[in-house]
Amino acid sequence: MNQPVPTLVVDAGQSSIRARLQVDNKPVFERTFAPLLTHQPLMPQLGKVVRAVLLQQPATDVRVAAALSGLTPLNADPGSVLRSCQDVGVASVVLAHDSISGYLGCLGERRGSAVAAGTGVVTLATGATSYSRVDGWGNIMGDAGSGYWIGRAGLEAAVRAYDHRGAETAILDLVQHDFPEIETAYIDIQSNPERVALVASYAHKIIELSGQDQVAARIVDQATDELSLSVGASLKGTGWTHGSRPAISWVGSILTNPRMADPLRSKLEREWPNADIVAPFGGPLEGVAQLPDLPASHPLYPLLHVAETTEAGTTPVPPASGSRTSLISNDENSRLQTNRDIA
């Protein structure tokens, strides 16, 4: 009888990195780490997380599945993570952009559009055989409607109110509670190494204020406009029409609040009257856990980056698409083979 294979699932975001070791889909160990720093190399950060978990909770023949904010085909190197972690029991590594795990966490095998909205935001849609990703361009160029976007808009509104350039708002009180010397707040925030997470942390407070503060209400309204726009763009990009019935869902902390979720639902119902707006299948970690077993027929399969060990003398057949690295072991050394069919 085959023994269940342990899987270490990692959701690496800009607010925190969450790791869960599970066997037969049952969690046996969980740990939260500091945020992923997307302006620094990602693979060493992931390797440190994997090693920390497996040194604390040892296991063998571990499959590592990780979704990372800021992952691109250029910086995705599952082979380097595998090499650095083989001595702690890792047998394979599969990496994906967090938009993919967000989609799978929302919709699983269903076709449609999913929004993953936390510190950043990315929307992913699938059609019968294609996919379309919208936004996810980071806090400098994009992430419209995200936690960072809301927090950044709130901070700007606060200093506008302080300067008498904008309407009075209780957001200024929130900022002054954390930074009594408001005129030096921007220095404190800019010099904070976790400033992205810090700015995004104001989103939840601004969303709560939106029930009684006009400035906060305007920010939330604009945020849900942006998210609705991204869903529509992603669906159109995969061939859906307003008369069709795609599934739509979302995941992420800022969308757990009805002050965000309810207006977003209303806007989507107006734009896509036949859509099936559904509760998410699970959270981001549940989406990450699906990566190792994603079927090759799935439209998102080509976006995975995989590295695995094989028996000595066995040459694996590379997939039809995607990025796969096989570490072929022998008694004396290891030979690295890579197949990259997509950019």
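Mentor: Start with Pro-273, which has a relative accessibility of 56%. The cut-off for exposed is over 50%, so Pro-273 counts as exposed. Keep in mind that this is a predicted model.

Where does Pro-273 sit? It is in the loop between helix 11 (258-271) and strand 10 (276-277). Leave aside residues up to four places away in sequence, and Pro-273 touches His-242 and Leu-268. Gly-243 is 30 residues from Pro-273 along the chain, yet their C-alpha atoms are separated by 7.8 Å.

Now the backbone. Most residues other than glycine have a negative phi. Asn-25 has a positive one, near 65 degrees. Asn-25 lies in the loop between strand 2 (17-23) and strand 3 (26-33). Its relative accessibility is 64%, so Asn-25 counts as exposed.

Asp-135 also has a positive phi, near 65 degrees. Its setting is strand 8 (residues 131-135). Is Asp-135 buried or exposed? The limit for buried is under 20%. Asp-135 has a relative accessible area of 11%, so it is buried.

Next, the rings. Arg-133 places its charged end over the ring of Trp-137, 5.8 Å from the ring centre. Lys-205 does likewise with Tyr-202: its charged end sits over that ring, 5.1 Å from the centre. How many aromatic pairs does the whole structure hold? The search finds 0.

Rolling a probe the size of a water molecule over the atoms shows where empty space is left. The second largest pocket holds about 280 Å³ of space. It is lined by 14 residues, and the closest to its centre are Leu-155, Glu-156, Val-159, Tyr-186 and Ile-189. Which elements give two or more residues to this lining? They are helix 5 (147-163) and helix 7 (185-190). Helix 5 supplies the largest share, 6 residues. By class, the lining has 10 nonpolar, 1 polar and 3 charged residues.

To recap, Pro-273 is exposed in its loop and touches His-242 and Leu-268.

How values were computed
Residues are numbered from 1 along each chain as its sequence is written. This is a predicted model: local features need pLDDT of at least 70, side-chain atom pairs count only at pLDDT 80 or more; totals for chains, interfaces and linings use all residues. Side-chain values use heavy atoms; hydrogens and water are left out. On a 1 Å grid over the protein atoms alone, a cavity is a set of points where a 1.4 Å probe fits but cannot get out, and a pocket is an open set with protein on both sides within 12 Å along at least five of seven lines; lining residues have an atom within 4 Å of a point. Grid points are joined across faces, edges and corners, and a volume is the space filled by probe spheres set on the points. Helices (H or I, at least four residues) and strands (E, at least two) are DSSP runs, numbered from the N terminus. Ala, Val, Leu, Ile, Met, Phe, Trp, Tyr, Cys and Pro count as nonpolar, Asp, Glu, Lys and Arg as charged, and the others, Gly among them, as polar. Buried means under 20% relative accessible area, exposed over 50%, partly exposed in between (1.4 Å probe, protein chains only). Contact means heavy atoms within 4.5 Å. Rings of Phe, Tyr and Trp (its six-membered ring) pair if their centres lie within 6.5 Å; planes under 30 degrees apart count as stacked, over 60 as edge-to-face and the rest as tilted. A charge sits over a ring if NZ of Lys or CZ of Arg is within 6 Å of the ring centre and within 35 degrees of the ring normal.
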